[in-house]
Structures are given as C-alpha cells and as structure tokens.
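Here's a quick briefing to read alongside the model. Have the sequence and the 3D view open as you go.

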Amino acid sequence: IIQNAINRVLGILALIVLVLLLWGGFQMITAAGDEEKYGAGFTILKQAALGLVFIGLAWFVVSMIFFLIDLITP
C-alpha cells in the first residue's frame, strides 16, 4: 500500500514536471528575440529536467528499498 502511494505521488510530480517542461519550452519559443524571456524559459527547462532526474532517482531508491524488504521478509 505504501509503495503504491509513493509511486502515485511520484507520478503526479512527474506530470507536474512535464507541464513545467512544456511551459519552459513555450517561453523559449515565444521569446521572439528577447534574451531575458529566453533565459527565463531556459532556466525553467533546466530546473524541470533536474527535477525529473530527482523523481527518477527517488523512484529507483524506493523500488530498491521495497525490493530489499521483500528479500528479507519470508
């Protein structure tokens, strides 16, 4: 039950990151030569990508912990 709840929360966070990736890309595309707006979009894009990496890492760690718990318990 706990693992399913954690996976659902991580899935929701991944969906939020996807929206942020789209928003950052949209800002970069619609910058129309404005370096400040382009830079803001690029910053959002970088931070969202980093967030996605952390979400993937968190999912991996949680999966490994529950895998080890399943090995230990008979």
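How are α1 and α2 oriented relative to each other: roughly parallel or roughly antiparallel? This is a predicted model, and in it the axes of the two helices cross at roughly 165°. Angles over 145 degrees count as roughly antiparallel, so α1 and α2 are roughly antiparallel to each other.

**How the two helices meet**
- Helix α1 covers residues 2-29 and helix α2 covers residues 35-72, and their axes come within 8 Å.
- The crossing of α1 and α2 is left-handed.
- Sorted by class, the contact of α1 with α2 has 23 nonpolar residues, along with eight polar and one charged.

**Along α2**
- With 38 residues at 1.5 Å a residue, α2 should span 56 Å, and its end C-alpha atoms sit 55 Å apart, which agrees.
- Gln47 and Leu71 are 24 residues apart in sequence, and C-alpha to C-alpha they are 36 Å apart in space.

- On the buried list for α2 you'll find Gly41, Ala48, Ile55, Val62 and Ser63.
- Those buried residues of α2 pack against α1.
- Gln47 is in helix α2 too, but Gln47 counts as exposed because its relative accessibility is 54%, and the cut-off for exposed is over 50%.

Technical notes. Residues are numbered from 1 along each chain as its sequence is written. This is a predicted model: local features need pLDDT of at least 70, side-chain atom pairs count only at pLDDT 80 or more; totals for chains, interfaces and linings use all residues. Side-chain values use heavy atoms; hydrogens and water are left out. Axes are lines fitted to C-alpha atoms, for helices over the stretch in contact, and angles run from 0 to 180 degrees between N-to-C directions. Helices (H or I, at least four residues) and strands (E, at least two) are DSSP runs, numbered from the N terminus. Angles under 35 degrees count as roughly parallel, over 145 as roughly antiparallel, 65 to 115 as roughly perpendicular and the rest as oblique. A crossing is left-handed if the near helix is turned anticlockwise from the far one by less than a right angle, and right-handed if clockwise. Ala, Val, Leu, Ile, Met, Phe, Trp, Tyr, Cys and Pro count as nonpolar, Asp, Glu, Lys and Arg as charged, and the others, Gly among them, as polar. The expected span of a helix is 1.5 Å times one less than its number of residues. Buried means under 20% relative accessible area, exposed over 50%, partly exposed in between (1.4 Å probe, protein chains only). Contact means heavy atoms within 4.5 Å.
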